[in-house]
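Me: I have a chain open here and would like to talk it through with you. Could we take it piece by piece?

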Amino acid sequence: MENQDHGTKYPILMIHGVGFRDLKWPLYWGRIPTALAGTGAVLSYGQQDCWARIEDNAKSIKARIRQVLDETGSGKVNIIAHSKGGLEARMAASSLGMGGQIASITTIGTPHRGSKTIDKLLKAPDSLFNIASFAVDNWIGLLGDTKPNFYAVCKDFSTEYAAIFNKENPDVPGVYYQSFAGVMKNPLSDINLSTANAIVKLIEGENDGLVSVESAKWGASFTLLTGRTNRGVSHYDEIDFRRSPLSSKSGGDGIADICDVYKAIVKDLAERGF
């Protein structure tokens, strides 16, 4: 029996990106869950590791989907995934065989085609990555990750890995795929990503501070997220990291509040019968 008491036919599973966990505080998704709850949407969270490989987290997502279906009595879920979480959702749907239990996959700022910037960084000596990986893996392990692997995750973001991944994880027939990408208008749009934005723009073009627009494109529909001011929409803005509207400016083109984007996504999924 499908759930009929919420905005979408199927419950929504929100999957976070790299470097974060699903904690009650601070909440990865900022004000977005509250905004979606106002639409009547039923939300669950991926709860996967923050620095595990895509394959390991995809297995966790597979188990999580089954758990959500058991809890809700639904036959499928809608997935909204940010950054690396979008790749984990795609793998769970495709090579891990969960496509029949997924109605839609919406990815936001996901590096579907990898990162040419990461390709260049991976040319650095392995010894540097091993040092960084040792520090990150030990620290993240203390915070609860079961399979942290910083170095392997970096390799998972390479264009070489992305090409293999996409070949092995084709879109599942019957699952609706769509994607979104933010774009920073200048390096000062988000001070946390100013240096990264400038570097990625030099190597790959327009980006949200971490992921290029071209790499984020996937599925039957693609939407570019632009702001109403010179601030633009950064990788962190995509998940309401600052817990505030993007602009107080009324009218004009662009996004004033990222929460409105998510509400529009849910509305569209509901209208599509998902």
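Me: What should helix H2 span at 1.5 Å a residue, and how far apart are its end C-alpha atoms?
Reply: Bear in mind that this is a predicted model. At 1.5 Å a residue, the 19 residues of helix H2, residues 54–72, should span 27 Å, and the end C-alpha atoms are 26 Å apart, which agrees with that expectation.

Me: Which residues of H2 are buried?
Reply: The buried residues of H2 are Ile 54, Asn 57, Ala 58, Ile 61, Arg 64, Ile 65, Val 68, Leu 69 and Thr 72. They cover an arc of only 135° around the axis, which puts them on the same side of H2.

Me: Why would residues three or four places apart point the same way?
Reply: An α-helix has 3.6 residues a turn, so residues three or four places apart point the same way.

Me: And what follows H2?
Reply: Gly 73 follows H2, and its phi is positive, near 75°.

Me: What is Asp 49 in contact with?
Reply: Leaving aside neighbours within four places in sequence, Asp 49 is in contact with His 16, Arg 21, Asn 57, Gly 144, Asp 145, Thr 146 and Lys 147. As for Lys 147, its backbone nitrogen lies 2.9 Å from a polar atom of the Asp 49 side chain, while Asn 57 is also one of the buried residues of H2.

Me: How far is Asp 49 from Asp 171?
Reply: Their C-alpha atoms are separated by 24 Å, and the two residues are 122 residues apart along the chain.

Me: Switching to H8, which residues are buried there, and what do they pack against?
Reply: In H8, which runs over residues 194–204, the buried residues are Ser 194, Asn 197, Val 200 and Glu 204. They cover an arc of only 130° around the axis, which puts them on the same side of H8. These buried residues pack against helix H4 (116–121), whereas Thr 195 and Leu 202, on the other side of H8, are exposed. H8 is followed by Gly 205, whose phi is positive, near 105°.

Me: Where does Asn 207 lie, and what does it touch?
Reply: Asn 207 lies in the loop between H8 and helix H9 (213–216), and at 0% relative accessibility it counts as buried. Not counting residues up to four places away in sequence, Asn 207 touches Gly 182, Val 183, Met 184, Asn 197, Val 200, Lys 201, Ser 212 and Val 213. A polar atom of the Asn 207 side chain also lies 2.6 Å from the backbone nitrogen of Gly 209.

Me: What about Ser 234, where is its place and what does its side chain make a polar contact with?
Reply: Ser 234 sits in the loop between strand E6 (221–225) and helix H10 (258–271), and it is buried, with a relative accessible area of 0%. Its side chain makes a polar contact with the side chain of Asp 190 at 2.6 Å. With residues up to four places away not counted, Ser 234 touches Met 184, Asp 190, Leu 193 and Asp 208.

Me: Last topic, the whole chain: how does its radius of gyration look for 274 residues?
Reply: A compact globule with 274 residues would have a radius of gyration near 19 Å, and the protein chain has 18 Å, which agrees. The protein chain has 10 helices and 6 strands, and buried residues make up 52% of its 274 residues.

Notes. Residues numbered from 1 in each chain as written. Predicted model: local features only at pLDDT ≥ 70, side-chain atom pairs only at ≥ 80, totals over all residues. Heavy atoms only, no water. Helix = DSSP H or I, 4+ residues; strand = E, 2+ residues; numbered from the N terminus. Expected span 1.5 Å × (residues − 1). Buried < 20%, exposed > 50% of the residue type's maximum accessible area, 1.4 Å probe, protein only. Arc of directions from axis to C-beta. Polar contact = N/O pair within 3.5 Å; in protein donor to acceptor, adjacent residues only side chain to side chain. Contact = heavy atoms within 4.5 Å. Rg over C-alpha atoms; globule rule 2.2 N^0.38 Å.
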